[in-house]
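Hi,

Here is the structure I promised to hand over. My notes on it follow below.

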Amino acid sequence: MPRGPLPLTVSLDPAAPLPLHVQLREGLRTAILNRRLPRGARLPASRVLAADLGCARGTVVLALEQLTAEGYLTARPGSATRVAAILPDDAVPHSGPVTRMATGPAPTLSRRGAERVRSPPQRYMAGPGVPDAFALGRPAVDAFPYEVWARLLQAEWRHGPAERIDPRGSPALRSAIAAFLAQARGVVCEADDVIVTAGIRQSLRLLAELLLDPGGTAWVEEPGFPGIARALAGAGLRVAPIPIGPGGLSASRGAAAAPAARLAVVTPAQHYPLGYAMSLENRLDLLAWADAVSGWIVEDDYDGAYRYAGRPLAPLRALDRGGRVIYVGSFSKLLLPALGLSYLVLPRGLVAPVNQALAETGPAPPGIGQWALARFIEDGHLAGHLRRTRRLYALRQEALVQAAGRHAADVIAVAPMEGGMHLIARPGPAWTPSLADSAAAAALGRAGISAVALSAYHAGTPEPGLLLGYAAVPERAIEPAVRRMAETLRLAT
């Protein structure tokens, strides 16, 4: 009988004519060529492989050494064995059996699906493979306490989940979020009011389907994050972009443009992308509008904790007396993008219907990591991290403003903001009107600068400019990146 089949379907048969190390070598080679073991993949330690296969460790070592000598694997002292980035078979066509998925006939898409794929979306956030310099939506991963986080994750794996998976999220994490928000943001809530989600777009679709009928209208900020409008439209709503001013979104302006609206999605603490803080007058007017029309407000407080002039502004939720504000936050922007965890704080009246809807759809966010994050918050590591990064981001913003003034004042004008994690570079005197900001962003991308065109955030008449994220850029790297940006823009004008 074959011994110990691996997840990779590699197996060893002691009754076969081939020696065990040859069987293992050929099984791993086939897995590599069939892409079941992708390039760069880390292999288990030889002792682990031997235990899984039920063979001697020497058998595994011999097979791995042969594959390393042939160029299929790479091994360095003190490091794990990995699949080579460039395989020896890349130089010549491989004649062996390589399993490929059949493509099948072209799918028949719905009208909505066909419309989505006809027009490729504009890039408005950094993604995999995008250069790191000034990438949006990335926190300072160089300042993250990895040792603490690794210790908490190890404890979670070691002891296993202490509770059943809850579609609302881990009870421990929801309790930790409620306690943290009360202390740090003035949002008074209970654990039952908190829902852990995989992101604001998933949350918006759920809320839109629960709160409005198909064809209902929602206000969004103009300019604003395009993913919000797409999520609402995907849920069947009509999106009404409301132009904002320095005081944020005005309810009277929204009512004049789209009087039938019953939902508003806003960023009161730090408008994205222009950086305005919503005035107290507009906050109170918006709350009064929601009460009057029995409407709802989604408050996206994505980086409201980062305020460099005075204390962070109190959320709109802290002023809500009618139970009309749904508060949204994200750990991906505060800690690590890989976490993929956000949360909702619901008004008490929405708790029961949202829970019932989640019971039907099941949990969306990953379960592993929620216990570790709860401990991270409870032990004070999140509060400490926010204090450190608040100081760090203020220094990095100042470094970007000063470097732009010294090296790029002819092509861009960069003014400081009172909060957030990005700045806007507006066209300078040497920036020719014929140069579209999207073309400028594309040229900068080829030069290793991850700028995003401000026009990508406008549903109507675009305003030219470039969004530059500075949170993830070390101070020493800011000045050379600005010089490279200036040189690239001068050549493009």
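A word on exposure before anything else: buried means under 20% relative accessible area, exposed means over 50%, and partly exposed is in between (1.4 Å probe, protein chains only). Please keep in mind that this is a predicted model, where local features need pLDDT of at least 70 and side-chain atom pairs count only at pLDDT 80 or more, while totals for chains, interfaces and linings use all residues. Residues are numbered from 1 along each chain as its sequence is written, and side-chain values use heavy atoms, with hydrogens and water left out.

Salt bridges next. The term stands for a side-chain nitrogen of Lys or Arg within 4 Å of a carboxyl oxygen of Asp or Glu. Searching the whole structure turns up 16 of them.

Helices here are DSSP runs of H or I with at least four residues, strands are runs of E with at least two, and both are numbered from the N terminus. Arg 483 has 36% relative accessibility, so it counts as partly exposed. Glu 479 is partly exposed too, because its relative accessible area is 26%.

Arg 426 and Glu 463 meet at 2.4 Å, N to O. Arg 426 is in strand β11 (residues 422-427), whereas Glu 463 is in the loop between β12 (452-453) and β13 (466-469), 37 residues apart. The relative accessibility of Arg 426 is 30%, which makes this residue partly exposed, and Glu 463, at 27%, is partly exposed as well.

Then there is Asp 192, whose salt bridge with Arg 168 has its closest N and O atoms 4.0 Å apart. This pair also links distant parts of the chain: Asp 192 lies in the loop between α6 (171-184) and β3 (194-197), and Arg 168 in the loop between α5 (146-159) and α6, 24 residues apart. Both residues belong to a network of salt bridges that also takes in Asp 166 and Arg 174.

On to the sheets. Strands count as paired if DSSP finds at least two bridges between them. Four strands make an open sheet in the order β10-β11-β13-β12, with antiparallel pairing. Its edge strands are β10 (412-414) and β12, each pairing on one side only. In the antiparallel pair β11 and β13 there are four bridges, and Ile 424 stands opposite Leu 467 in β13.

What about β7 (296-300): how many of its five residues are buried? Five of the five are, so β7 is largely enclosed by the rest of the structure. Trp 296, Val 298 and Asp 300 cover one side, with Ile 297 and Glu 299 on the other. Strand β6 (residues 263-266) pairs with β7 in the parallel sense over four bridges, and Leu 263 has Trp 296 as its bridge partner in β7. From β6 the chain crosses through helix α10 (residues 280-293) to β7 in a right-handed β-α-β crossover (with the strands pointing away from the viewer, the path from the first strand over the helix to the second runs clockwise). β7 and β8 (325-330) are parallel as well, again over four bridges, and Asp 300 has Val 328 as its bridge partner in β8.

Cheers
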